[in-house]
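Here's a quick tour of how the inside of this model is put together. Have a look at the structure first, then read on.

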Amino acid sequence: MQSTGGAEPGAERPKMEVRLVQLMASFIRVSSDYALARLEFAMRFPERESPPVLSRPPDASERSFRHEWDAIERQLDALGAYLKQIERQPRTRERSDPAFQSLVRTAKELDQFARALRWVLTVTEKGA
């Protein structure tokens with residue numbers, strides 16, 4: 001019998017599901033970090049419009065993420081626009097504040113997880 005040189009058909013699906021669950025859990029964790037950074041920034045700069053709210057899926061299930069994902073991506077776009085607006089301004093006290101740096105850090109992490117999640121969601125959708 002000749003080997004096909006690859007994994008059994010369908011063997012990649014469980015690996016992708018495990019990766020998806022890991023990414024979803026990480027995204028939820030970082031979204032909690034973002035919520036705290038958002039609150040801290042809003043409290044330190046009450047005169048400024050607060051950073052956008054980011055919805056958090058109720059659980060780390062593929063179904064919840066697929067249902068909420070388009071809205072979450074729009075919110076992430078709004079967050080990116082908000083940060084760019086501040087970053088484009090000449091030196092401001094907001095830009096040098098640790099609360100803003102925390103906001104930027106969590107936004108970058110969210111963006112990285114969102115890109116990975118979008119890829120896995122797309123791949124698992126096609127393979128379903």
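## Core, rings and pocket

Helices are DSSP runs (H or I, at least four residues), numbered from the N terminus.

Before going further, the ground rules: this is a predicted model, with local features needing pLDDT of at least 70 and side-chain atom pairs pLDDT 80 or more, while totals for chains, interfaces and linings use all residues. Residues are numbered from 1 along each chain as its sequence is written, and side-chain values use heavy atoms, with hydrogens and water left out.

What does Leu-103 touch, leaving aside its neighbours within four places in sequence? Leu-103 is in contact (heavy atoms within 4.5 Å) with Tyr-34, Ala-37, Arg-38, Phe-41, Pro-51, Tyr-82 and Leu-83.

On to the rings: there are six aromatic pairs in the structure. Rings of Phe, Tyr and Trp (its six-membered ring) pair if their centres lie within 6.5 Å; planes under 30 degrees apart are stacked, over 60 edge-to-face, and the rest tilted. Two of the pairs involve Phe-41:

| Pair | Centre to centre | Plane angle | Type |
|---|---|---|---|
| Phe-41 and Phe-45 | 5.0 Å | 45° | tilted |
| Phe-41 and Tyr-82 | 6.4 Å | 85° | edge-to-face |

Ring pairs join Phe-41, Phe-45, Tyr-82 and Phe-100 into a cluster.

Buried or exposed: which is Phe-41? Phe-41 is buried, because its relative accessibility is 0%. Phe-45 counts as buried at 2%, and Tyr-82 does at 7%. The cut-offs are under 20% relative accessible area for buried, over 50% for exposed and partly exposed in between (1.4 Å probe, protein chains only).

Finally, the lining of the largest pocket. Leu-76, Asp-77, Gly-80, Ala-107 and Asp-111 lie nearest the pocket's centre, out of 14 lining residues. A pocket is an open set of points on a 1 Å grid over the protein atoms alone, where a 1.4 Å probe fits, with protein on both sides within 12 Å along at least five of seven lines; lining residues have an atom within 4 Å of a point. For this lining, α2 gives the most, with eight residues.

How values were computed: Helix = DSSP H or I, 4+ residues; strand = E, 2+ residues; numbered from the N terminus.
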